[in-house]
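Thanks for coming, everyone. I have one structure to walk through today, and I'll keep it short. Let me put it on the screen.

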Amino acid sequence: MGVRLRLAGRNGGGRAERAARRRWAVAVGRHVDLVARCRRLVSAVSGKVGSEAAVAASAAAVVSLPSVEPGGGGCAVCGEEMAEGRDACELPCRHVFHWGCILPWLRERNTCPCCRFELPTDDVLCEVDRLWRLLAATAAAARGADLRHR
Ligand SMILES: [Zn+2]
Ligand SMILES: [Zn+2]
């Protein structure tokens, strides 16, 4: 039984990789604690955490989005094909949109129109909430990977 598990583990990534992932989970765990405390504070003062209120993406985050060659497929905002020669913008979640479509969108909200990936915002309370959810998801994924390999 133990041998079989070890073999299965070897197929799914090396021992060093697993150890690195565990160390990382521990490091992330510390931040989760910190952010969780922050989050409680924020929800106490604002009652805003977890609400669906739309907040604009941070200007710095929008400005740093990369321009990419449209690689086929459509723009989810306008539904049109990505024509060649027309600058497209790639969000960190790898979804691609026309610049002219995504800029007005990100002035209204900070989420990807396709998958609701969240971009940073200039709103401190929203940032704490966003980081919290990001860390919680990351920590959960790391824990899941760890458990699967045990
Ligand atoms: Zn478009
Ligand atoms: Zn997306």
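First, a term. By a nonpolar core I mean a set of buried Ala, Val, Leu, Ile, Met, Phe, Trp, Tyr and Cys residues joined through C-beta atoms within 7 Å. And please keep in mind that this is a predicted model.

The largest one has nine residues. They are Ala-57, Cys-75, Ala-88, Cys-89, Val-96, Phe-97, Ile-102, Leu-106 and Leu-119. Which elements give two or more residues to this core? E2, E3 and H4 do. In soluble globular proteins, nonpolar side chains tend to be buried together.

Let me step back to the whole chain. The protein has five helices and three strands. Along the sequence the pattern reads α-α-α-β-β-β-α-α. There are 150 residues, and 15% of them count as buried. Take the contacts with a separation of 6 or more: 58% of them join residues 24 or more positions apart.

How far can we trust it? The average pLDDT is 81, and 83% of the residues score at least 70. Among the elements, helix H1, residues 2-11, has the lowest mean pLDDT, at 48. The highest belongs to H4, at 93. Where pLDDT is low, the predicted coordinates should not be read in detail.

E2 covers residues 88-90 and pairs with E3 over three bridges, in the antiparallel sense. Within the pairing, Ala-88 stands opposite His-98 in E3.

Beyond its sequence neighbours within four places, Cys-75 contacts Glu-80, Met-82, Phe-97, His-98 and Cys-101.

Next, the loop between E2 and E3. Cys-93 is in that loop. Is Cys-93 buried, partly exposed or exposed? It is partly exposed, because 14 other C-beta atoms lie within 10 Å; buried would take 20 or more. Which residues does Cys-93 contact, leaving aside neighbours within four places in sequence? Cys-112, Cys-115 and Phe-117. Cys-93 and Cys-115 are 22 residues apart along the chain, and their C-alpha atoms are separated by 8.0 Å.

Two backbone angles to look at. Most residues other than glycine have a negative phi. Arg-94 has a positive phi, near 80°. Arg-94 is in the loop between E2 and E3. With 11 C-beta neighbours inside 10 Å, Arg-94 counts as exposed, since the limit for that is 12 or fewer. Arg-116 also has a positive phi, near 65°. Arg-116 is in the loop between H4 and helix H5. Arg-116 has 10 C-beta neighbours inside 10 Å, so it counts as exposed.

Last stop, helix H5, residues 124-148. Why do we say its length agrees with expectation? At 1.5 Å a residue, its 25 residues should span 36 Å, and the end C-alpha atoms are 36 Å apart. The buried residues of H5 are Cys-126, Asp-129, Trp-132 and Leu-135. An α-helix has 3.6 residues a turn, so residues three or four places apart point the same way.

That's my tour. Happy to take comments.

Methods:
Residues are numbered from 1 along each chain as its sequence is written. Chains are lettered from A and ligands numbered from 1 in the order in which they are written. Two strands pair if DSSP finds at least two bridges between them. Helices (H or I, at least four residues) and strands (E, at least two) are DSSP runs, numbered from the N terminus. pLDDT is the predictor's confidence in each residue, from 0 to 100. Two residues are in contact if their C-beta atoms, placed from the backbone, lie within 7 Å. The expected span of a helix is 1.5 Å times one less than its number of residues.
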